[in-house]
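Dear colleague,

Here is the structure I promised to pass on. My notes on it follow below.

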Amino acid sequence: FEGLTKTGIGVLAVNGPGATSLADVQVLGGTLDVGAGASIIGVANATVASGATLNVDGAFSFTPDADSFTVAGTLSGAAGFAMLAGDDVFIIQDGGDLSGLASGIDGGAGTDTLQATINASASLAPTTNFETLIKDGSGTLSLLGSQAYLNSRLEAGTLSVASGAMLASQVASREEQVGPCPVPTHVRRNSDILKQPDVTAGRDP
C-alpha cells in the first residue's frame with residue numbers, strides 16, 4: 001500500500017512488530033495510534049487535519065528526500081517524528097497542538113523550514129535541526145521547550161515563548177534584525193531563560 005487515509009471519529013491502531021511503509025499518510029478524522037512496537041516509515045507527505053490526532057508511541061519517520069508534514073490537529077505520544085535528510089517543510093496551522101508530544105520534531109539533515117500560519121492559536125513542541133522559522137497570520141504561536149533556528153522571521157501576529165522554554169540561535173554570532181512591519185508583530189517573552197535568534201519582522205520588499 002502506498003498510502004493511508006484515516007477518516008471517521010474512531011481509533012485506528014497500527015500495532016507491531018515490524019514496520020509499515022507508507023508514502024502518504026492522511027489523518028482527517030479520529031485518531032491514528034502507532035503502538036509502542038510499531039513504526040510507520042518512508043513517509044513523503046503527511047497531514048493531520050483539524051480535530052484529528054496522530055499518536056505515536058512507536059516510530060514515525062519520513063524519507064531522505066524533501067518531505068512535507070502539515071498539522072492542524074494534535075500530535076501526541078512517547079516517540080518523536082524524524083523527517084530525516086532533505087529540505088523538509090513542517091507546516092503548523094490553526095489548532096495545531098504538539099503540547100502532548102514527548103520527543104518533538106527532528107528536521108534531520110538538509111535545509112529545513114518550519115512554516116506557521118496562525119490566525120488563532122497553536123502550540124509547538126520542541127524541535128531540532130530546523131534552520132528557518134516563519135510565523136505569519138494574526139494569531140499566536142506558543143513555543144514549548146527548546147527551539148533553535150538559524151533564521152526566524154515574524155511576519156505577523158505573536159510568537160509566545162512559554163515559561164521555562166528557550167528560543168535560541170543556531171549561530172550565536174549572528175545579529176538580531178528587526179525591520180518595519182505592516183501589522184503588530186512581537187515576541188512575547190514569558191521565559192526567564194531566553195536567547196534571541198535572528199528575527200526579521202516584516203515581509204521582504
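**Notes on the model**

Asn129 has a relative accessible area of 39% and is therefore partly exposed (the class between buried, under 20%, and exposed, over 50%, with a 1.4 Å probe and protein chains only). The residue sits in the loop between strand 18 and strand 19 (132-136), and its phi is positive, about 65°, although it is not a glycine. Leu84 is another such case, with phi near 60°. Its loop runs between strand 12 (81-82) and strand 13 (89-93), and at 34% relative accessibility Leu84 also counts as partly exposed. Most residues other than glycine have a negative phi, and most peptide bonds are trans. The peptide bond from Gly16 to Pro17 is cis, with omega near 0°; Pro17 belongs to the loop between strand 2 (11-14) and strand 3.

This is a predicted model, in which local features need pLDDT of at least 70 and side-chain atom pairs count only at pLDDT 80 or more, while totals for chains, interfaces and linings use all residues. Residues are numbered from 1 along each chain as its sequence is written, and side-chain values use heavy atoms, with hydrogens and water left out.

**Confidence**

The mean pLDDT (the predictor's confidence in each residue, from 0 to 100) is 85 for the protein chain, and 82% of its residues reach 70 or more. Over residues 172-186 the pLDDT stays under 50, and the model has 34 contacts beyond four places in sequence for them (contact meaning heavy atoms within 4.5 Å). Residues 189-205 are also below 50, with 60 contacts beyond near neighbours in sequence.

**Strands and sheet**

The protein chain has zero helices and 26 strands (DSSP runs numbered from the N terminus: H or I of at least four residues for helices, E of at least two for strands). Six of the strands make an open sheet with parallel pairing, in the order 3-6-9-12-15-18; strands pair if DSSP finds at least two bridges between them. Strand 3 (19-21) and strand 18 (127-128) are at the edges with a single partner strand each, so one side of each has no neighbour in the sheet. Between strand 3 and strand 6 (residues 39-43) there are three bridges in the parallel sense, and Ser21 stands opposite Ile41 in strand 6.

**Core and aromatic rings**

Of the 205 residues in the protein chain, 47% are buried. Beyond four places in sequence, the residues in contact with Phe90 include Phe69, Met83, Ile105 and Phe130.

There are seven aromatic pairs (rings of Phe, Tyr and Trp, the last by its six-membered ring, with centres within 6.5 Å; stacked under 30 degrees between planes, edge-to-face over 60, tilted for the rest). Phe60 and Phe69 are stacked, at 6.2 Å centre to centre and 15° between the planes, and both are buried. Phe62 and Phe69 have ring centres 5.2 Å apart and planes at 45°, so this pair is tilted. Phe60, Phe62, Phe69, Phe81, Phe90 and Phe130 form one aromatic cluster.

**Gly104**

Gly104 lies in the loop between strand 14 (97-101) and strand 15 (105-106) and is buried, because its relative accessible area is 1%. Outside four places in sequence, Gly104 is in contact with Gly80, Phe81, Ala125 and Pro126.

Regards
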